[in-house]
Amino acid sequence: MAIIEQRLADMGLELPEPLKVREGLRMPFVWVRVRGNRAYISGHVACNRDGTLAAPLGKVGAEVSPEQGYASARLVALAHLASLKRAIGDLDRVTAWLRVFAMVNVAPSFNETPLVTNGYSDLILELYGPNIGAHARSSIGMAIPLNAPVNCEAEVEIDG
C-alpha cells in the first residue's frame, strides 16, 4: 500500500466517493485539472463516505460551531485527496502542497475563519509532513453553495 494511503488507514480515515449532487444541479467542470507538474483541485465541500453532503450545514458561528467547522474542513481535505487520487492514481505522487484557498460560511459576527480552516491544514500536515504538506493559505468568510460550512480549493505539485 502507498505511504499516504497507509497513513490514512492507520488514522482510521477513508476517502469518500465523489460528491453526489441533486438532480438538475449542473457542474460543468472537472474536480481536478492536471497541467504539467501541477494539479489544480476545484472547490469541494465536506461529504460522507458515500458522497452525500455531510452534516451539519449552515453558518459557522450560528448553526455550526467552530469545532464542527474544523471537522467539516477535515472532511473537505479528505474529499480533495479522493479526487486527487482518482485524477493522478497515487497520492504519493504529490511532491508539494502549494496553496489552499478556504472559504468559510460565516454568521455575521464570526471572524475566526483560520480556526475552522485549520482542520484542512492539520490533516494535510499530519499525512504529508512539513516538507511536502506545508502550504500557503487564505481563509475568508462568505456565503457557500449548498449551505456547506466550508469550501476549499487547492493547488499541488506532482511528480512527472
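This is a predicted model: local features need pLDDT of at least 70, side-chain atom pairs count only at pLDDT 80 or more; totals for chains, interfaces and linings use all residues.
Which residues is Asn 105 in contact with, leaving aside its neighbours within four places in sequence? Taking contact to mean heavy atoms within 4.5 Å, and with those neighbours set aside, Asn 105 touches Gly 58, Lys 59, Val 60, Met 142, Ala 143, Ile 144, Asn 147, Ala 148 and Pro 149. Asn 105 belongs to strand 3 (residues 94–105), where helices (H or I, at least four residues) and strands (E, at least two) are DSSP runs, numbered from the N terminus. With a relative accessibility of 1%, Asn 105 counts as buried, a word that here stands for under 20% relative accessible area, while exposed stands for over 50% and partly exposed for what is in between (1.4 Å probe, protein chains only).

Residues are numbered from 1 along each chain as its sequence is written, and side-chain values use heavy atoms, with hydrogens and water left out.

Strand 3 also holds Val 94, which is buried, with a relative accessible area of 2%. Again leaving aside neighbours within four places in sequence, Val 94 is in contact with Leu 84, Ile 88, Tyr 128, Ile 132, Val 156, Glu 157 and Ile 158. Between Val 94 and Gly 160 there are 10.0 Å in space, C-alpha to C-alpha, although the two are 66 residues apart in sequence.

From here one can turn to the interior. A nonpolar core is a set of buried Ala, Val, Leu, Ile, Met, Phe, Trp, Tyr and Cys residues joined through side-chain atoms within 4.5 Å, and the largest one has 37 residues, with Leu 81, Leu 84, Trp 97, Tyr 120 and Tyr 128 having the most contacts inside it. At least two residues of this core come from each of helix 1, strand 2, helix 2, strand 3, helix 3 and strand 5, and helix 2 gives the most, with eight residues. Beyond its neighbours within four places in sequence, Leu 81 is in contact with Leu 8, Leu 15, Leu 91, Trp 97, Ile 124, Leu 127 and Tyr 128. Another core lies apart from the largest one and has seven residues, among them Leu 19, Val 45, Cys 47 and Ala 148.

Just after helix 2, Gly 89 takes a positive phi of about 90°. Among the buried residues of helix 3 are Thr 113, Val 116, Tyr 120, Leu 123, Leu 127 and Gly 133, and what covers its buried residues includes helix 1, helix 2, strand 3, strand 4 (136–142) and strand 5.

With a salt bridge taken as a side-chain nitrogen of Lys or Arg within 4 Å of a carboxyl oxygen of Asp or Glu, the count comes to seven. In one of them Glu 14 meets Arg 49 at 2.8 Å, N to O; Glu 14 lies in the loop between helix 1 (3–10) and strand 1 (32–35) and Arg 49 in the loop between strand 2 (38–45) and helix 2 (66–88), so the pair ties together parts that are 35 residues apart in sequence. Glu 14 counts as exposed at 53% relative accessibility, whereas Arg 49 counts as partly exposed at 41%.

Another salt bridge joins Glu 155 to Arg 38, with the closest N and O atoms 2.7 Å apart, and this pair links strand 5 (residues 150–158) with strand 2 across 117 residues. Here Glu 155 is buried at 13% relative accessibility, while Arg 38 is partly exposed at 30%.
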